[in-house]
There are 2 protein chains.
Amino acid sequence: MSIKYAKRMEHIKGSAIRELLKLTEQPEIISFAGGLPAPELFPIEEMKQVCLKVLDTDGRAALQYSPTEGYLPLRKIISERMKSSKVEVPAEDILITSGSQQGLEFSGKVFLDEGDTVICESPTYLGALNAFMSYVPNFVEVEMDQDGMKMDELEKALKANPNAKFIYTIPDFQNPSGITMSLERRKRIVELAVKYNIPIVEDNPYGELRFEGERLPAIKHFDTTGIVAFLGTFSKTFAPGLRVGWVAASPEVVRKYVLVKQGADLQCNSMSQRETAAFVQMFDIDKHISKIIEVYRRRRDLMIGTMEKEFPKNVKFTYPNGGLFTWVELPEGIDAADVLKLALEEKVAFVPGGSFYPNDGNENHFRLNYSCMPEDKIVEGITRLGKVLKSL
Amino acid sequence: MSIKYAKRMEHIKGSAIRELLKLTEQPEIISFAGGLPAPELFPIEEMKQVCLKVLDTDGRAALQYSPTEGYLPLRKIISERMKSSKVEVPAEDILITSGSQQGLEFSGKVFLDEGDTVICESPTYLGALNAFMSYVPNFVEVEMDQDGMKMDELEKALKANPNAKFIYTIPDFQNPSGITMSLERRKRIVELAVKYNIPIVEDNPYGELRFEGERLPAIKHFDTTGIVAFLGTFSKTFAPGLRVGWVAASPEVVRKYVLVKQGADLQCNSMSQRETAAFVQMFDIDKHISKIIEVYRRRRDLMIGTMEKEFPKNVKFTYPNGGLFTWVELPEGIDAADVLKLALEEKVAFVPGGSFYPNDGNENHFRLNYSCMPEDKIVEGITRLGKVLKSL
């Protein structure tokens, strides 16, 4: 006899990216596959001071159970820092989560019954698809242009899907496309959410990593009725290994997330929460972020510049103003998964685009990450990839 | 208009314990309510060395994303340490989770469709009920005696509930009852699981905290077919604030948990995993556990001794050979929640027993924790509680 699992397990597949990460761990591979921050920028020496400080001043609490909602001084810091994207949320309406990935998982749990609809960008972050998938929803994809989700298409989707439970969007330097939603559309998406009474889950891991131009207000900024749940994280600005993210939402909605967190894992790591707060208090995190921006901007420039030189002219790609990714479109009929096989022979890796589309299709895309490879490897890797593409 | 949540949210209630924790945070309250380890035993000085060591030797990896399954050296340590409860599981079949609470949540996700049945002890850990509840199962409770779950009752429940998906049990110093399952029943429960093809979720947070007598083999020890998923944790032997627990199961079953972990939060804290491993490598964790045992044993003795002196004779309680809790039974018709109100007036807190029974009833019980209060407060608190009980 064999063990009977829940039906949802038929829908939960491994993340192509995380499986790939294993393959690409071989040091000779030039990998543009992951979404990893540059580890050479991690503030390791500062972290030593931070750890000693936390253990010296608050060691018992750092090692003990603590409230589900999270460490209050950290929630206050987040509340304060969110003002830079013009969002006013009191610390009380912020829940600390294990990265923003856990915020995605909880969004599924809070909102989705089987067969409900999630409206999302096309393409969208595949980790979000994985998280939502375990609640077995339908996905309705909304086309994007260079200003993000098309609002007339979104309204059509909202009209056609009365069982929609939320709109999922990554407005800044979207994963995987690198696209940023325009100011007008940020206003408009909230109007539509209110009109159709469908919450927005605004996922913003990259907003602080803008290379040029002015930071746009978050979608949450335009929210006057509590219809937007904002997911944030320190993974890209401090350290993903500490798994510190957050949900900021209305008191009613954040309370639902808190109840889910209680059952899911009681609370986040008491020590990491204090370390994150201490890092912000003891050091200048904005200066640290500037350093990250400088390095990533250079890598973006180098990657895009090399692509312009080395890629065939019928291969298109986006120009991201921040974040970690550019998105490549091959001529129709070419499957990026086949290209990956050829690229791996040249010791170069990326993520084929198919899995960023919940309803399949669009296999002629792939995602490139530029944050995690040193400059010489970016030039070398993209040049090799250009050769592969020209050979097709 | 109001926001539409998933139907499961109607079934997710706050944990009475965690709400109570807030009330009882006032320093003048003598609280036997939580399930907290004694914070004065946390190895804070050792942790400082551990943090520096991890950051010095492996800082980049400690702050970076890492594999979903967990840090391999830590999984090897766990595999090795599980031999003390006579379990042989290779490191590859161990997934690191955010405390064993996350293992409980994942058990729900892996196994439970709405309306499925969970068979559990009566009473049982209410955090597990909270975790499972979000998958909207039915609970069938199996009566216990001083040797744990009654096996004839369990077989009746298995026969009567063909939609049972797993048996949930805490075999050592059960939360809340303090009861330990006998050796014969550990063998028998596996036979029954195999006969009815229903997996066992063996939750063992307290097994290493035995005050007297010989450690019994885990239920998993008797598992030859891969029908037992074992949940463990460092929360009671090292530090709950670090949120490091694990699931050890067959390759097939652990793979399901890994897939769920990917969507839920990608991975556990990279740094805490390394800290836990470094603590075990640099210091003598068994000596540290002996110290904990010594302190808790004394507190148990003092609590039970004072109860024997101060509680009325018609109030019964269990004698735990380890772990954190004793379980009190009041005469029928007395509601422990009413007693709590009187006790709080005397500045003493505990957890009323009703919420440990998924199908209600049994309000004449309550749980007392002895691990977290110093000795003078145990005597003082139990004496005050005795007065309240005598006044009824």
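Chain A of this predicted model is assigned two domains. Domain 1 comes in two pieces, 7-43 and 287-390. Domain 2 covers 45-282.

Domain 1 of chain A brings 34 residues to the contact, and domain 2 of chain A brings 34 residues. On the domain 1 side, four elements of chain A give two or more residues each: the helices α1 (16-23) and α10 (285-310), and the strands β11 (325-329) and β14 (365-369). Which element gives the largest share of this side? It is α10(A), with six residues. What kinds of residue make up the domain 1 side? Here 17 are nonpolar, 13 are polar and four are charged.

Next, turn to the contact between the chains. Here 63 residues of chain B touch 63 residues of chain A. Follow the chain B side of this contact. Five helices of chain B each supply at least two residues to it: α2 (44-63), α4 (99-111), α5 (126-133), α8 (251-265) and α9 (270-282). The largest share comes from α2(B), which gives 10 residues. By residue type, the side of chain B that touches chain A splits into 32 nonpolar, 19 polar and 12 charged.

To find these places in the structure, start with α10(A) for the domain contact, as it gives the largest share of the domain 1 side. Then go to α2(B) for the chain contact, as it gives the largest share of the chain B side.

Technical notes: Residues numbered from 1 in each chain as written. Chains lettered and ligands numbered in written order. Predicted model: local features only at pLDDT ≥ 70, side-chain atom pairs only at ≥ 80, totals over all residues. Contact = placed C-beta atoms within 7 Å. Nonpolar A, V, L, I, M, F, W, Y, C, P; charged D, E, K, R; others polar. Domains from an automatic or database assignment.
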